[in-house]
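Please look over the chain shown here before reading the notes. They are grouped by topic and kept brief.

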Amino acid sequence: MFVESGQKPTEEQLKEVEEAKKSPINFDEDCQELSPAMMKAFKSAVVQRNRKKKA
């Protein structure tokens, strides 16, 4: 699914998101839980990426 800037979600999409919020996160070998250090590095990378987008 692609969302364009300014696009509003449909009722069906909103319901899908609400249902997904109720589901537990299941980690596996392809998508492992991040360590606190990796989470900090990921958040830092996101902040830097967003700064570049705004510039």
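The model is a predicted one. The protein chain has two helices and zero strands, and 0% of its 55 residues count as buried.

**Overall form**

- Taken along the principal axes, the box filled by the C-alpha atoms of the protein chain is roughly 35 × 35 × 15 Å.
- The accessible surface of the protein chain is about 5,900 Å². Carbon and sulfur atoms account for 56% of that surface.

**Helices and the loop between them**

- Helix α1 spans residues 11-22, and helix α2 spans residues 36-54.
- Asp 30 sits in the loop that lies between α1 and α2. The relative accessible area of Asp 30 is 72%, so this residue counts as exposed, the cut-off being over 50%.
- From Asp 30 to Lys 54 there are 24 residues along the chain, and the C-alpha atoms of the two are separated by 32 Å.
- Val 47 belongs to helix α2. With a relative accessible area of 41%, Val 47 is partly exposed, because that class runs between the limits of 20% and 50%.
- Val 47 and Gln 32 are 15 residues apart along the chain, with 22 Å between their C-alpha atoms.

**Salt bridges**

- How many salt bridges does the structure hold? There are two.
- One of them pairs Lys 21 with Glu 18, and the closest N and O atoms are 3.5 Å apart. This pair counts as a salt bridge because a side-chain nitrogen of Lys has to be within 4 Å of a carboxyl oxygen of Glu.
- Both Lys 21 and Glu 18 are in helix α1, where a spacing of three residues puts them about one turn of the helix apart.
- Lys 21 is exposed at 59% relative accessible area, whereas Glu 18 is partly exposed at 41%.
- The other salt bridge joins Lys 22 to Glu 19, again with 3.5 Å between the closest N and O atoms.
- Why are Lys 22 and Glu 19 separated by about one helical turn? They are three residues apart in helix α1, so about one turn lies between them.
- Lys 22 has a relative accessible area of 63% and is exposed. Glu 19, at 49% relative accessibility, is partly exposed.

**Nonpolar surface patch**

- Which residues form a nonpolar patch on the surface? The patch is made of Leu 34, Met 38, Met 39 and Phe 42.
- Together these four residues have about 380 Å² of accessible area.
- Phe 42, one of the patch residues, is located in helix α2.

Terms used:
Residues numbered from 1 in each chain as written. Predicted model: local features only at pLDDT ≥ 70, side-chain atom pairs only at ≥ 80, totals over all residues. Heavy atoms only, no water. Helix = DSSP H or I, 4+ residues; strand = E, 2+ residues; numbered from the N terminus. Buried < 20%, exposed > 50% of the residue type's maximum accessible area, 1.4 Å probe, protein only. Patch = residues over 30% accessible without salt bridge, like charges linked within 9 Å, V, L, I, M, F, W, Y side chains within 5 Å. Areas by Shrake-Rupley, 256 points an atom, 1.4 Å probe, with all protein chains shown as cover.
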